[in-house]
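Have the model open as you read.

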Amino acid sequence: MELKQYWSIVRKRLWLIALLVIVSGTATGLYSYLYADKQYEASTKLVVNQKKEASALSAQLELAAINSNIELIKTYKEIIKTPRIMDKVAAQYPDIGLTSDQLIRKVSVSAVNDTQVMSVTAGDVSYVQAAKIVNAVSKVFQQEVPLILQVDNVSILNEASLKAKPAPVSPKPNLNIAISLVLSLMIGLGITFLIDYLDDTIKTEEDVAEVFGVRALTLIPRMKTSDIETVREKRGLTTMVKRGERNVELDA
């Protein structure tokens, strides 16, 4: 099938594709702006660093300690999101009003570019609630680490401010609308080609040759309404001219 044939198929049902795109984009925009719950995130940063002893350490030992702390972050990321920590948070901060399982689902932990810093993030429909959660989790984790691993090397770099007014992280209306438009366009094209594939009516010379095994001898072109009116006008003008000839008299 040539490119012109593809375009011919699309052009016949261009209205269907446009309708799908417009309806999908409008519905997505209305939902994103008016109905979708806004989600906020708050985060704290913790630093993992062994406390230095009185004696000076060599540069090699310090580098080894740093690498060890970076590796410990992988362990800490798993420890934070366990009932051992979250049960303590739920018990010590009842004003948050969340269970251990709910806290685990709301909290995420990540390392900051392979450094000794780790970021603890919480998401909620209320920024203040998210900030309370992440601050509580960080404090309890700092308290529990020495009891779990017998090492006191976690410090809180900064807590989430309860007075901050950040923008919501989701939904993102522009991105949602763009994705919706692209998907609806693809679906519309798919439906268009599917309808054409299922349509087994004879429409072209090629269809005649394929079905009957013979070539068409002639074609009857499809005429537009404007073409019919033009033909009628020409016929009417010709009739008037012929009638006028009968009434013409020549003077000697």
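Before the points, one cut-off: partly exposed here covers relative accessible area between the buried limit, under 20%, and the exposed limit, over 50%. Keep in mind that this is a predicted model.

1. Start with Lys139 and its partner. At 29% relative accessibility, Lys139 falls in the partly exposed class, and so does Glu159 at 40%. The two form a salt bridge, with 3.8 Å between the closest N and O atoms. Glu159 sits in the loop between strand E4 (154-158) and H7 while Lys139 is in helix H6, so the bridge ties together parts 20 residues apart in sequence.

2. Helix H6 turns up again in the pair Glu144 and Arg84, which joins H6 to helix H4 across 60 residues. Glu144 is buried, at 5% relative accessibility, whereas Arg84 is partly exposed at 42%.

3. Lys12 and Asp196 make another salt bridge, at 3.9 Å between the closest N and O atoms. This one links helix H1 (residues 3-12) with helix H7 (residues 173-198), 184 residues apart. Asp196 counts as buried at 19%, and Lys12 as partly exposed at 44%. The salt bridge count comes to four.

4. Now the inside. The largest nonpolar core has 34 residues, and Tyr76 and Phe141 have the most contacts within it. H6 is the top contributor, with 10 residues.

5. Which residues does Tyr76 touch, leaving aside neighbours within four places in sequence? Its contacts include Val48, Met118, Phe141, Val145 and Leu149, as well as Asn153.

Methods:
Residues numbered from 1 in each chain as written. Predicted model: local features only at pLDDT ≥ 70, side-chain atom pairs only at ≥ 80, totals over all residues. Heavy atoms only, no water. Core = buried A, V, L, I, M, F, W, Y, C linked by side-chain atoms within 4.5 Å. Buried < 20%, exposed > 50% of the residue type's maximum accessible area, 1.4 Å probe, protein only. Helix = DSSP H or I, 4+ residues; strand = E, 2+ residues; numbered from the N terminus. Contact = heavy atoms within 4.5 Å. Salt bridge = Lys/Arg side-chain N within 4 Å of Asp/Glu carboxyl O.
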